[in-house]
Each structure stands twice: as structure tokens, then as C-alpha cells.
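Here are my notes on the model you sent over. Have the structure open while you read.

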Amino acid sequence: MGAKAQIIGEANWSSYFEILAQVIAIGGLVGFGFIASWIFGREFSDHTAKDLFALPVSRSLIVLSKFVVMFLWGILLSVIVLAVGLIAGKIVNISGWSVQVVIGGLNLLVITSILTIVLSIPVAFFASYGQGFLPPMGYVIFTIVISQFAAAFGHGAYFPWAIPALYSGAAGPEQAQLGTVNFIIVFITGIIGLIVTLLWWRFADQS
């Protein structure tokens, strides 16, 4: 872990928190995306979607409930990453521990986690529209690949799925300086994903 931290800079807790944030920013797109595809896609794989459609419950409420579960699982996974990271960091005795560093590191992890979870919202639409697991996971892989190209060509700050990684410092400290517009892009992407998922569940089975 010390060797990995030295890639960023000095092997200390500040660099280590950046590594954990990058794990969440990049790996979280896959992890949170899988959670979203499972929660929404399994209804079609298990052939239980028709039962949900027949319930005397608002379909919007069903979708929102699924999103709440998705967010809770995302938060839980982030907490697990943080807990395991703190334990591992203490075991290998990384230097530079202080209250200020921990507060700054936690702030970085929390914001990175929120941004990544929000970007997983559109996965629910592809899981619903594709009625399974393969389309949403294909979408996740596609966004990860395209975000690499966007960041490489200097446009990552305006490509939603590259913003969490940039914020975590994956492209260097100069790339981590994002503004309000960049965060708005992320949340607009999440809102669009929420709206199209709600609309699909509302009208998909109606002719």
C-alpha cells in the first residue's frame, strides 16, 4: 500500500485516502451499477415484474423504493471500503495520521461516493428497458471506457462518468479542481436517469 501511495506522492494518510476515493470512483461505477442492475433487472429475470405491475401500489412508489434500497446498498459498500481501508492502513502503519487529514479524507470519500452513486441511477433504466442484467452492465462498461477517452482528451470535466475519478485525484491534483458546473452535470445525469426510469415503469406495458 505504501508503494501504491507513493505513485500519488508521499506514502501518507492523505495519499492513501485519495487511493480509497479512486477505488470508489472507478470501481464504484461497476459495483453500484451492478446493484442497480440487480435491483431492477432481476424482476424480469425472475419473471416477477408482471406481479409488481399488478399490485395496487403506485409504480412510481415502487421505483422510488427500489432507488432508496439502491442508495442504501451504495452507502453500505462505501462504508465497508472505508472501514477495511482504515484497518489496513493502521496495520501497515501508514504515517501522517491527524484529525485534519482524516476529516479531509472522509470529506473526499463521502463526496466521491455520492457522485458515483448518483451516476448509477441511469443503470436502472437500462436494466428495466433491457429486462435483465447484460444491457445495464454493458452500459456501465461503455461509460467507463468512454470516460477514459474523455479524460485523456482533456474533456473529462464535462463527461459525467469521469468527474468522480477526476475529483478523487486520479488524474492529478490539477484535474481535481472542479467547479459547481461539473457537479451539476453529474446530478442532471442522475435526474434524467430517474425520470426516464419512472416513465418506463409507468408506460412500458401499455399499448
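The points below go from the whole chain down to single residues.

1. First, the ground rules. This is a predicted model, where local features need pLDDT of at least 70 and side-chain atom pairs count only at pLDDT 80 or more, while totals for chains, interfaces and linings use all residues. Residues are numbered from 1 along each chain as its sequence is written, and side-chain values use heavy atoms, with hydrogens and water left out.

2. How far to trust it? The mean pLDDT (the predictor's confidence in each residue, from 0 to 100) is 83 for the protein chain, and 89% of the residues reach at least 70. Where pLDDT is low, the predicted coordinates should not be read in detail.

3. The fold is simple to list: nine helices and zero strands. Helices (H or I, at least four residues) and strands (E, at least two) are DSSP runs, numbered from the N terminus. Of the contacts (heavy atoms within 4.5 Å) with a separation of 6 or more, 77% are between residues 24 or more positions apart.

4. On burial, 44% of the 207 residues in the protein chain are buried. Buried means under 20% relative accessible area, exposed over 50%, and partly exposed in between (1.4 Å probe, protein chains only). The chain's accessible surface (Shrake-Rupley method, 1.4 Å probe; for residues, only the protein chains shown count as cover) is about 10900 Å², with 72% of that belonging to carbon and sulfur atoms.

5. Have a look at the one salt bridge in the structure, meaning a side-chain nitrogen of Lys or Arg within 4 Å of a carboxyl oxygen of Asp or Glu. Glu43 and Lys66 are the partners, at 2.7 Å from N to O. The pair links distant parts of the chain, with Glu43 in helix H2 and Lys66 in helix H4, 23 residues apart. Glu43 counts as buried because its relative accessible area is 13%, and Lys66 is buried too, at 10%.

6. Staying with H2 (residues 13-45), Ser37 sits in this helix. Ser37 counts as buried because its relative accessibility is 0%. The Ser37 side chain reaches the backbone oxygen of Phe34 at 2.8 Å. Leaving aside residues up to four places away in sequence, Ser37 touches Arg42, Val123, Ala127, Gly132, Phe133, Pro136 and Met137.

7. What covers the buried residues of H6? The cover includes H2, H4, helix H5 (99-119), helix H7 (134-152) and helix H9 (180-203). The buried residues in H6 (residues 121-130) are Ile121, Pro122, Val123, Ala124, Ala127 and Ser128. After H6 comes Gln131, with a positive phi near 55°.

8. Ala162 is in the loop between H7 and helix H8 (163-167). Ala162 counts as buried because its relative accessibility is 4%. Ala162 and Ile26 are 136 residues apart in sequence, yet their C-alpha atoms are 8.7 Å apart in space. Beyond residues up to four places away in sequence, Ala162 touches Ser147 and Gly156.

9. Last, the surface: Val69, Trp73, Leu76, Leu77, Ile80 and Val84 form a nonpolar patch there, with about 500 Å² of accessible area together. Patches are made of residues with over 30% relative accessible area and no salt bridge, with like charges joined within 9 Å and nonpolar side chains (Val, Leu, Ile, Met, Phe, Trp, Tyr) within 5 Å. Ile80, in helix H4 (residues 59-91), counts as partly exposed because its relative accessibility is 43%.

Terms used
Polar contact = N/O pair within 3.5 Å; in protein donor to acceptor, adjacent residues only side chain to side chain.
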